[in-house]
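Here is a short note to read beside the model. Keep the 3D view open and follow the points in order.

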Amino acid sequence: MEFFVTITFVLLIAGVVGSLVPMIPGAFISLIGVTYYWWSTGFSQPHILLVLLLYMTGLTALLFDWFAGALGSKAAGASDSTVRAAALAGILFFFIGGPIGTFVGIAGVVYVREYLLKGDKEKSMKAALYTAGSMLGSTLVQGFLTGVMLIILALSVAI
């Protein structure tokens, strides 16, 4: 049983770390950890209600991962084409500059694209800042939620 617990917590810790790094599906890794532990106990531990709570927490983190940046851009008035360009840029800049490259690259793409479309420096800067802020906020929320999943399962195993 110790083997299963070790693998579970490796997955949950990787989930927290992955939540803080762009392009790594931390919440999904955490959900795999919860599912793995539940499976390893013959679906008897933790209680089904706790598993459902952990799943809802993980799915909430996934939603933040998938949609927060785009929602931040849209809230600032960015066009749909800018949101799509920023998503593609995020993938490219991750491989060029890692997590910081992703953050700076996406904000830069949003600024340049919106400036080219609208010719307004202030609105372009607002869209870039909203996008960057929503990405940062999303990362913090994901880290918090996957951390909560880790703590709750750790307490469940310890009891």
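**Notes on the helices and cores**

1. **Gln142.** Bear in mind that this is a predicted model. Leaving aside neighbours within four places in sequence, Gln142 is in contact with Ser19, Ala61, Phe64 and Asp65. Gln142 belongs to helix 5, which covers residues 121–158. Is Gln142 buried or exposed? Its relative accessibility is 4%, under the 20% cut-off, so Gln142 counts as buried.

2. **The largest nonpolar core.** This core has 14 residues. Those with the most contacts inside it are Leu12, Val34, Leu54, Met149, Leu150 and Leu153. Helix 1 (2–20), helix 2 (26–40), helix 3 (48–75) and helix 5 each supply at least two of its residues. Another core lies apart from it and has 8 residues, among them Ala78, Val110, Ala127 and Ala128. In soluble globular proteins, nonpolar side chains tend to be buried together.

3. **Leu54.** Look at what surrounds this residue. Not counting residues up to four places away in sequence, Leu54 touches Leu31, Val34, Met149, Ile152 and Leu153.

4. **Helix 2: span.** Helix 2 has 15 residues. From first C-alpha to last, helix 2 reaches 21 Å, close to the 21 Å expected at 1.5 Å a residue. Just after helix 2 comes Gly42, with a positive phi of about 70°.

5. **Helix 2: burial.** How many residues of helix 2 are buried? The count is 11 of the 15, so helix 2 is largely enclosed by the rest of the structure. The buried residues include Gly26, Ile29, Val34, Tyr37 and Trp38. What covers the buried residues of helix 2 includes helix 1, helix 3 and helix 5.

Technical notes
Residues are numbered from 1 along each chain as its sequence is written. This is a predicted model: local features need pLDDT of at least 70, side-chain atom pairs count only at pLDDT 80 or more; totals for chains, interfaces and linings use all residues. Side-chain values use heavy atoms; hydrogens and water are left out. Helices (H or I, at least four residues) and strands (E, at least two) are DSSP runs, numbered from the N terminus. Buried means under 20% relative accessible area, exposed over 50%, partly exposed in between (1.4 Å probe, protein chains only). Contact means heavy atoms within 4.5 Å. A nonpolar core is a set of buried Ala, Val, Leu, Ile, Met, Phe, Trp, Tyr and Cys residues joined through side-chain atoms within 4.5 Å. The expected span of a helix is 1.5 Å times one less than its number of residues.
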